[in-house]
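Here are my notes for you, in numbered points. Have a look at the model first, then read on.

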Amino acid sequence: MSIDIDWIAFVQVFVAALIGAVVVVGCYALGLRMLVRSGRAPVVAPAEFTDAITVVTEKELAKAAKAAAKAAKKSPLSPTQKRLALLAAYASFTTCGVAVLGGLLLIVFDR
């Protein structure tokens with residue numbers, strides 16, 4: 001019994017996965033950067049798990065939210081620049097979602 005490996009197909013899948021990962025991670029990172037730049041830094045309350053190593057207290061969460069609000073007020077960008085950064089963030093997140101959806105469609109419909 002002999003196993004034949006189509007190395008060209010293997011390389012194509014590897015390159016496609018690598019490009020897809022770079023696009024998704026890059027677009028998400030750019031979207032977060034533009035979101036912060038627009039003055040809308042995401043402050044997310046941490047989930048509390050029973051086996052958590054560190055637990056963020058309400059005081060620390062309030063301090064982080066206050067620091068984010070202070071940083072948003074110090075922004076040197078004009079309101080128009082902030083609006084453009086927010087639109088760029090939304091466009092970047094949309095590109096990220098479309099890339100993920102396209103990958104899923106490729107898997108589901110085998111094309």
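1. Let's start with Ser 92, which counts as buried because its relative accessibility is 5%. "Buried" here means under 20% relative accessible area, "exposed" means over 50%, and "partly exposed" is in between, using a 1.4 Å probe and protein chains only. You'll find Ser 92 in helix H3, which covers residues 79–109. Helices are DSSP runs of H or I with at least four residues, strands are runs of E with at least two, and both are numbered from the N terminus.

2. A word on what you're looking at: this is a predicted model, where local features need pLDDT of at least 70, side-chain atom pairs count only at pLDDT 80 or more, and totals for chains, interfaces and linings use all residues. Residues are numbered from 1 along each chain as its sequence is written, and side-chain values use heavy atoms, with hydrogens and water left out.

3. What does Ser 92 touch, leaving aside its neighbours within four places in sequence? Ser 92 is in contact with Cys 27, Tyr 28, Leu 30 and Gly 31, where contact means heavy atoms within 4.5 Å.

4. Now step back one residue to Ala 91, also placed in helix H3. Is Ala 91 buried or partly exposed? Ala 91 counts as partly exposed, because its relative accessibility is 42%. From C-alpha to C-alpha, Ala 91 and Cys 27 are 8.9 Å apart in space, though 64 residues separate them in sequence.

5. Ser 38 is another one to click on. Ser 38 sits in the loop between helix H1 (7–37) and helix H2 (58–73), and with 7% relative accessibility it counts as buried. Not counting residues up to four places away in sequence, Ser 38 touches Lys 82, Ala 85 and Leu 86.

6. Of the contacts with a separation of 6 or more, 69% are between residues 24 or more positions apart.

7. How much of the chain is buried? Buried residues make up 13% of its 111 residues. The chain exposes about 9,200 Å², and carbon and sulfur atoms supply 69% of that; the areas come from the Shrake-Rupley method with a 1.4 Å probe, and for residues only the protein chains shown count as cover.

8. Last, confidence. The chain's mean pLDDT (the predictor's confidence in each residue, from 0 to 100) is 84, and 86% of the residues reach 70 or more. Confidence is highest in H1, at a mean of 92, and lowest in H2, at 80.
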